[in-house]
Amino acid sequence: MKTYFKLTLLFFIVAFTSCEDVIDVDVQTAPTRLVIEASLDWEKGTIGNNQTITLSKSAPYFDTTTITGVTNASVKVTNDNDNTEFIFAHQGNGVYTTTNFVPVINDSYTLEVVYDGETYMASETLNAVTDITDLTQSVEDGFDDEELEVNVIFTDPEDEENYYLLKFEKEGDLFPALESGDDEFVNGNEITWWFEKEEDEDTDKIEAFRPGDTVDISFFGISEAYSNYIGILIEQLEPDGPFGTTPVPLKGNCVNTTSPDNYAFGYFRVTQVVKTSYTFE
């Protein structure tokens, strides 16, 4: 009996350990590209002089060891209206900063990045954003009439096209939620923009807002071109079931004027932003 038991136990040990073979999965690769994170956001109530641009190189999805910061580039932004240049100095690990940027509403700005013998260019206009006039909470406006939502209230300026980006981030979240829109059907009216977090049905973690939660809100005035870009990005980040948008490489506005096929990822935007927060009761 003891011998039989030992042989049976040995069989199970061998059987289970043989299931631990490593399986190599081939994944698609793509050419390494320059990644330009150039969001010059002028917060209302500040002078907006301090700005940051980050440069890196794209890396395979499963590569967690490669250092991708670009450290030897030349970065500058020029005001196209008066030709003032703002030089961004490298601070380490691909982070470039300036302390003398001058934001001017409706002025056009051009980004120039020179890296590895190639020049990347992009242009944007600094768009104003209206003020947030009130923040409230409710339960009846969202998809779930039992869950709290925050309401951002503002008046859309009349006689002009406006495009908006809102970023919501509850304290403790790993990533913010992004929503974009325009004033095509609400031009000149008071707008109530609600945002609700839903329960995560796949985990036990509570995602919906609860009394005492604080959500940070950033409200941007953006260009039509950036609105189109960020709208596609949001759709790809939040696919809607089996018929959602198929992810595709998303080109920004940074053009490689030396070798057009070697385009960069990322976007150069210049915006005005209102930042605030709301704590649920």
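Biologist: Before going on, what are the ground rules for the values?

Modeller: This is a predicted model, where local features need pLDDT of at least 70 and side-chain atom pairs count only at pLDDT 80 or more, while totals for chains, interfaces and linings use all residues. Residues are numbered from 1 along each chain as its sequence is written, and side-chain values use heavy atoms, with hydrogens and water left out.

Biologist: Ok. Which strands are joined to strand 5 by bridges?

Modeller: Strand 2 (residues 51-57) runs antiparallel to strand 5 and is joined to it by four bridges. Strand 4 (residues 85-92) is also antiparallel to strand 5, with three bridges. Two strands pair if DSSP finds at least two bridges between them. Tyr-96 is the bridge partner of Ile-53, and Thr-97 that of Ala-89.

Biologist: What sits between strand 4 and strand 5?

Modeller: Two residues; the strands form a hairpin, and Asn-93 in the turn has a positive phi of about 55°.

Biologist: Back to Thr-98. What does it touch?

Modeller: Leaving out residues up to four places away in sequence, Thr-98 touches Asn-49, Asn-50, Gln-51, Ile-87 and Phe-88; contact means heavy atoms within 4.5 Å. Thr-98 has 5% relative accessibility, so it counts as buried.

Biologist: And its polar contacts?

Modeller: The side chains of Thr-98 and Asn-100 are joined by a polar contact of 2.5 Å. A polar atom of the Thr-98 side chain also lies 3.5 Å from the backbone oxygen of Ile-87. A polar contact is a pair of N or O atoms within 3.5 Å; within protein, one must be able to donate a hydrogen and the other to accept it, and residues adjacent in sequence count only if both atoms are side-chain atoms.

Biologist: How many bridges per pair?

Modeller: Strand 9 (residues 149-155) and strand 12 have seven, and strand 8 and strand 9 have six. Glu-149 stands opposite Glu-196, Val-152 has Trp-193 as its bridge partner, and Gln-137 has Val-150.

Biologist: Is strand 9 largely enclosed or open?

Modeller: Six of its seven residues are buried, so strand 9 is largely enclosed by the rest of the structure.

Biologist: Last topic, the largest nonpolar core. Which residues touch the most other members?

Modeller: Ile-36, Leu-55, Val-113 and Phe-268, out of 26 residues. A nonpolar core is a set of buried Ala, Val, Leu, Ile, Met, Phe, Trp, Tyr and Cys residues joined through side-chain atoms within 4.5 Å. Strand 1 supplies the largest share, five residues. Apart from this core lies another, of 21 residues, among them Val-150, Ala-177, Val-215 and Phe-219.

Methods. Buried means under 20% relative accessible area, exposed over 50%, partly exposed in between (1.4 Å probe, protein chains only).
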